[in-house]
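Trainee: I would like to learn how to read some features of a structure. Could we go through them one at a time?
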Amino acid sequence: MDFTRPAPPSGRALRSYFLISALICAAICAVILITLLGQTGPVLSHNPASLFGTVWNPNLGQYGIIPMLYGSIVVMVIAMAIALPLGVLTAIYIAETRSARLRGIIKSALEVLAGIPSIVYGLIGVAYISVWVAKGLDLQTGRLILTAGLILAVMILPTILTLTEDAISNVPVIQRENARALGLYRHEVILDVVLPHARRDILAAGLLALGRALGETMAVMLVIGSLDRLPSPIFNVLSSGQTITSKLGRELGESAFGSAHFSALVLMGLILVLITLTLTGAAQWLINRRPNGVEAIYD
Amino acid sequence: MRYIFRYGVHVAGVSFAAATILTACGGDGVKTAGDTVSISGSTTVLPAISRAADDYTMQTGAKIIVNAGGSGGGFKQLAEGQTDIGMMSRDITAEERARFARHSFTVTAIGRDAVAPAVSSEIYDAGVTQLSFEQVTDIYMGRVDNWSAFGGPDRAIFAVDKEAGRGTRQVFARIVFGDKNMQAPGADLVVGSNNEEQTALAQSDSAIGMISFAWANADVRPLSITTANGAVAPTLDNVNSGAFPITRDLLIVTREDVSGQAKAFIDFVLSPEGQTHVVDAGYLPVNK
């Protein structure tokens, strides 16, 4: 304890400042949700049954959101399937086997990567990745669900990597030492002691990345091909598709405010926000959950 | 815990929602202030207008901003007061007029254009140089899926469609399919601008698409149209004579409260000097 530091600024002013900031944030969140909810009225009263269809044709009043929902989820799954194992394994390698100095360099590089605007990824995707995918797989176009998933994987990799690496580095050294003292091999220390200990934080890292993957617009919009149709067969990721975000990005500018078309787009936006909120909630819950007894002794 | 705040799951989803609302609140918005003329819309009209705007800016020092966005987007931004002039390569629809019934719009033709079915150069070189409306429709409706049906190579047809609100798509669909809102279940890819369409056709070796004459090039070859009286080649002469069937006017639209600067620019585009830019962009001038 250090009792020589100056006393913090008086409580009352500071407290109300933080309270007001928090309230503003909460209010913004509420306004967004309420506005979105309010705007979905026209499509819900117009033709709610068509929402669960697979046909999107605003001219005929058909607003099937299933292809877009499907696209969003599949693209996210592809991105996670690639980025999660890759990110976690790399994080273990960096955290457990490399020096602190190298770790610092790698981590700053990763944070730069995480900060690159998504449109840049999109442009690289259109100019190179989609062309390579088309050539490599001998397809007519590289604007595919798969390409979007690949680019998203690259985009979320830094988030997963850097957070997982933090989680592993934060496991107390004493845990490793005890395990080694008990005669465990290095891989056993990592698999049986370090990873279980960092489990919650790794999971939270995954959820954060997942949120970014779901919400990403520009990069996906440029490479996914904008086809509002379920692929056939259904798991053919080598066909063009559409995600909720790419659909909104493409069509919002053309739909008239207040129309059923606009309202259907807003409804998709709302669904996306709800999914993201659920994920945020899940991540918070995982992080805040009471640690088990063993950890409590050393933390 | 702190990482939640540093990276925030919320960021992605909620910021998108915020953007939605900002767009939504556009309402009757504020126009760009001062002496700037802002123009947006059809990527078909864009090359002609931006050439004219460059010239006009050089001559008069006026500030003109020209943006893409498609015919639908161009009309919407004009109607909401975000721009001074909308570029459109199709007529304003009844729904669009009804949506902004409180405003009146003036439509001016600044040139003429033709849309042709176009194919990848590999297909053109292999001998498919003309198709009838029925054949093109068959492709887009998914009834024919191999170039061998039209004397081409034994290769699957890669049909490239355009977004529904695009002027080029609506003109093409109205004249070729017979209904401007016809959906194309045979499409394999959907693109937006002429630029994207051109890229998609050039990158493929067995694609068909729909493209404005001005955007055809060595990799993207416009087809002749097979009619009862023989094939009509996609040439400007045939457009001029009325023989080539898929044509449309290039339009610019203004609202009743159009500014003086915007009007002066439109007069320039319609002048003989302005019309040379329309021709340079690969279109036909309007006959005054």
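Trainee: In which loop of chain A does Asp138(A) lie?

Mentor: Asp138(A) lies in the loop between H5 and helix H6 (145-169) of chain A. Helices (H or I, at least four residues) and strands (E, at least two) are DSSP runs, numbered from the N terminus. Before going on, note that this is a predicted model, in which local features need pLDDT of at least 70, side-chain atom pairs count only at pLDDT 80 or more, and totals for chains, interfaces and linings use all residues. Residues are numbered from 1 along each chain as its sequence is written, chains are lettered from A and ligands numbered from 1 in the order in which they are written, and side-chain values use heavy atoms, with hydrogens and water left out.

Trainee: Are Asp138(A) and Ser226(A) buried or exposed?

Mentor: Buried means under 20% relative accessible area, exposed over 50%, and partly exposed in between (1.4 Å probe, protein chains only). Asp138(A) has 69%, so it is exposed. Ser226(A) has 4%, so it is buried.

Trainee: Which residues does the cis peptide bond join?

Mentor: The cis bond joins Ser232(A) and Pro233(A), with omega about -5°. Pro233(A) is in the loop between helix H9 (218-223) and H10 of chain A.

Trainee: What does Ser259(A) touch?

Mentor: Contact means heavy atoms within 4.5 Å. Leaving aside residues up to four places away in sequence, Ser259(A) touches Pro42(A) and Arg99(B). Ser259(A) sits in the loop between helix H10 (244-251) and helix H11 (260-288) of chain A. Its relative accessible area is 10%, so Ser259(A) is buried.

Trainee: Which residues make the nonpolar surface patch?

Mentor: Patches are made of residues with over 30% relative accessible area and no salt bridge; like charges are joined within 9 Å, and nonpolar side chains (Val, Leu, Ile, Met, Phe, Trp, Tyr) within 5 Å. A salt bridge is a side-chain nitrogen of Lys or Arg within 4 Å of a carboxyl oxygen of Asp or Glu. Accessible areas come from the Shrake-Rupley method with a 1.4 Å probe, and for residues only the protein chains shown count as cover. Here Ile119(A), Val120(A), Leu123(A), Ile124(A), Tyr128(A), Trp132(A) and Met218(A) make a patch of about 660 Å². Helix H5 (residues 118-137) of chain A gives the largest share, six residues. Trp132(A), in helix H5, is exposed at 55%.

Trainee: What is the order of the open sheet of three strands in chain B?

Mentor: Strands of a sheet pair through backbone hydrogen bonds, either parallel or antiparallel. Two strands pair if DSSP finds at least two bridges between them. The order is E5-E10-E11 (chain B), with mixed pairing. Strand E5 (130-131) and strand E11 (230-232) of chain B are at the edges with a single partner strand each, so one side of each has no neighbour in the sheet. Strand E10 (residues 224-227) of chain B pairs with E11(B) in the antiparallel sense over three bridges, and Ile225(B) stands opposite Val232(B).

Trainee: Which residue of E12(B) stands opposite Met87(B)?

Mentor: Ile252(B) does. Four bridges join E3(B) to strand E12 (residues 247-255) of chain B, running antiparallel.
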